[in-house]
Amino acid sequence: MEQLLDRIAKNSDQLAFGQLFSHYSDRLVYFAAALVRSREEAEEVVADVFVKLWQNRARLLEIQYFQTYLYTAVRNTALNHKSRSLFPHEELDDQHAALMPCVVSPEESLISRENLRQIEQAVNGLPLRCRLIFKLVKEDGLSYREVAEVLDISVNTVNAQITIALKKLGSAIDLRKPFRIPLLRK
């Protein structure tokens, strides 16, 4: 990642910027969608953040924790976008929360499609805030401190939400039952 940022900052490398965008865009859209009303608005928020990144690319190397910076920028842009909107936004409820399914590669985890579906349903069954925190930590790799900074909550709240998520996932998925690994056929 540091090499990409270096190429962007020093050489205005558009290919490297495209790779950076591809690496983060889906995760950031999911995150933004939890803050604004629609996927289209979330995509617009993420695009705005990346436009500003490109405009200020010479200063990219000054950012110490780039991933935390990126999520914070998306959060702030989403909140600004939401406050400027002409139409009032309702809070998302759990019916609107299945914006993007939890995706785990069966090849990487060697879990059958049935087990993958069971895990996906369990994650999507978590309350919105709990699911968002869980995905930021477990899928996007942010530390508890980084999630706390991005969402403007305490580290203890992040820890509590992860504990709740793991308990609910553990009860939803019977871990005593062996996973079925699909047979490879030639």
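Biologist: How far does the backbone nitrogen of Glu-41 lie from a polar atom of the side chain of Ser-38?

Modeller: This is a predicted model, in which local features need pLDDT of at least 70 and side-chain atom pairs count only at pLDDT 80 or more, while totals for chains, interfaces and linings use all residues. Residues are numbered from 1 along each chain as its sequence is written, and side-chain values use heavy atoms, with hydrogens and water left out. Between the backbone nitrogen of Glu-41 and a polar atom of the Ser-38 side chain, the distance is 3.1 Å.

Biologist: Is Ser-38 buried or exposed?

Modeller: Ser-38 is found in the loop between helix 2 and helix 3 (39–55); helices (H or I, at least four residues) and strands (E, at least two) are DSSP runs, numbered from the N terminus. Buried means under 20% relative accessible area, exposed over 50% and partly exposed in between, with a 1.4 Å probe and protein chains only. The relative accessibility of Ser-38 is 19%, so this residue counts as buried.

Biologist: How far apart are the end C-alpha atoms of helix 2?

Modeller: The expected span of a helix is 1.5 Å times one less than its number of residues. Helix 2 (residues 14–33) has 20 residues and should therefore span 28 Å, which agrees with the distance between its end C-alpha atoms, 26 Å.

Biologist: Which residue caps the N-terminal end of helix 2?

Modeller: The cap is made by a side-chain oxygen that lies 2.9 Å from the backbone nitrogen of Leu-15. The residue that supplies this oxygen is Asp-13.

Biologist: The search of the whole structure finds five aromatic pairs. What kind of pair do Phe-17 and Phe-50 form?

Modeller: Rings of Phe, Tyr and Trp (its six-membered ring) pair if their centres lie within 6.5 Å; planes under 30 degrees apart count as stacked, over 60 as edge-to-face and the rest as tilted. Phe-17 is in helix 2 and Phe-50 in helix 3, 33 residues apart. Their centres are 5.9 Å apart and their planes at 75°, so the pair is edge-to-face.

Biologist: Phe-50 also pairs with Phe-21. How does Phe-21 count by relative accessibility?

Modeller: The pair of Phe-21 and Phe-50 is edge-to-face, 4.9 Å centre to centre with 80° between the planes. Phe-50 has 3% relative accessibility and so counts as buried. Phe-21 has 33%, so this residue counts as partly exposed.

Biologist: Which charged residue sits over the ring of Trp-54?

Modeller: Ring pairs link Trp-54 into a cluster with Phe-17, Phe-21 and Phe-50. A charge sits over a ring if NZ of Lys or CZ of Arg is within 6 Å of the ring centre and within 35 degrees of the ring normal. The charged end that sits over Trp-54, 4.0 Å from the ring centre, belongs to Arg-57.

Definitions and conventions:
Polar contact = N/O pair within 3.5 Å; in protein donor to acceptor, adjacent residues only side chain to side chain.
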